There are 2 protein chains.
Amino acid sequence: MDVTEARRRFAAARVARLATIGPRGPRIVPITFAVVGDRIVTAVDHKPKTSRRLARLDDVRADPRVAILVDHWDDDDWTTLWWVRADGVAEIVTSGPRFDEAVAALVARYPQYAERPPAGPVIDVTVTRWRAWTAAESP
Amino acid sequence: MDVTEARRRFAAARVARLATIGPRGPRIVPITFAVVGDRIVTAVDHKPKTSRRLARLDDVRADPRVAILVDHWDDDDWTTLWWVRADGVAEIVTSGPRFDEAVAALVARYPQYAERPPAGPVIDVTVTRWRAWTAAESP
């Protein structure tokens, strides 16, 4: 799978998993996301409690390196399995044009956000490396 | 969701995502796994190339802290979403009773391994903390 195909499959997925480095070790969480140009954006929506100081935001502030995974699982047919991972550097964005653009991209992708756009902050990831694997191309 | 329910949902899942800390940042990969007592085991199967020196094994050797995520995604109904994360300390096991027990547990869970059990090594994770989230219990 070449980088163009890896990016295409990644961008088409509905859910991804974000890994950050926390004070006690790695952290993973499922995320909604959008690919905006060369960046991947995700946002804190309305789930967290009062403070919005989500652990993943603290992680990124302390160490901006993140990895985001999209994969295809099929319990019955393992020959169809694949995954694409984007490694990158994350930035927390709380307002301004990049914030607005990210929220608009998320609202455009997920009907659930139409009524209630994510409040943010936005985690804006500049991808430094794409990695991909497919069962079909493996020995 | 209490810890018993979190463990139950985790153990019933067919695929999980493993995060490790690599030299360039976090790494995530989808994994097959089994819960064996208080431990989570996963194994390198036959996909990797010649050396079996998978990056995730190098990561664990350098920093044994890992996180493993199981989640439920539903594109249409976000009120049903949940995830369970196990934080733990991993050990690489290449032979002996713990290796055999792990491989047997994986073979028992996945019919695909019956003909061709995973060659290993096994990554054997002692869970230090369970974390869970459900949309249903969120404000």
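Modeller: Let us begin with one residue. Leaving aside its neighbours within four places in sequence, I68(A) is in contact with A16(A), L18(A), I40(A), R85(A), A86(A) and V125(A). The model is predicted: local features need pLDDT of at least 70, side-chain atom pairs count only at pLDDT 80 or more, and totals for chains, interfaces and linings use all residues. Residues are numbered from 1 along each chain as its sequence is written, while chains are lettered from A and ligands numbered from 1 in the order in which they are written.

Biologist: What makes two residues "in contact"?

Modeller: Their C-beta atoms, placed from the backbone, must lie within 7 Å. The residues listed for I68(A) therefore meet that limit.

Biologist: Which residues touch the most other members of the largest nonpolar core?

Modeller: They are V41(A), I68(A), V41(B) and I68(B), in a core of 64 residues. A nonpolar core is a set of buried Ala, Val, Leu, Ile, Met, Phe, Trp, Tyr and Cys residues joined through C-beta atoms within 7 Å. A residue is buried if 20 or more other C-beta atoms lie within 10 Å of its own. In soluble globular proteins, nonpolar side chains tend to be buried together.

Biologist: Why are β2 and β3 of chain A called edge strands?

Modeller: Strands are DSSP runs of E, at least two residues, and helices are runs of H or I, at least four, both numbered from the N terminus. Two strands pair if DSSP finds at least two bridges between them. In chain A, seven strands form an open antiparallel sheet in the order β2-β1-β5-β6-β7-β4-β3. Here β2 (25–31) and β3 (34–36) each pair on one side only.

Biologist: How do you know that β1 and β2 of chain A pair?

Modeller: Strand β1 (residues 16–22) and β2(A) share seven bridges in the antiparallel sense, and at least two are needed. In this pair, A16(A) stands opposite I31(A).

Biologist: What joins β6(B) to β7(B)?

Modeller: There are 12 bridges between β6(B) and β7 (residues 122–134) of chain B, and the two run antiparallel. One bridge partner of A86(B) is W130(B) in β7(B). Helix α2 (residues 55–62) of chain B packs on the sheet, touching β1, β2, β5, β6 and β7, and its direction makes about 60° with that of β1(B). Such angles run from 0 to 180 degrees between N-to-C directions, the axes being lines fitted to C-alpha atoms, for helices over the stretch in contact.

Biologist: Why is β5(B) described as largely enclosed by the rest of the structure?

Modeller: Seven of its eight residues are buried, so β5(B) is largely enclosed.

Biologist: What makes up the side of chain B that touches chain A?

Modeller: The contact takes 28 residues from each of chain B and chain A. On the side of chain B, β2(B) gives the largest share, six residues. The residues divide into 14 nonpolar, four polar and 10 charged. Ala, Val, Leu, Ile, Met, Phe, Trp, Tyr, Cys and Pro count as nonpolar, Asp, Glu, Lys and Arg as charged, and the others, Gly among them, as polar.

Conventions: Buried ≥ 20, exposed ≤ 12 C-beta atoms within 10 Å, placed from the backbone.
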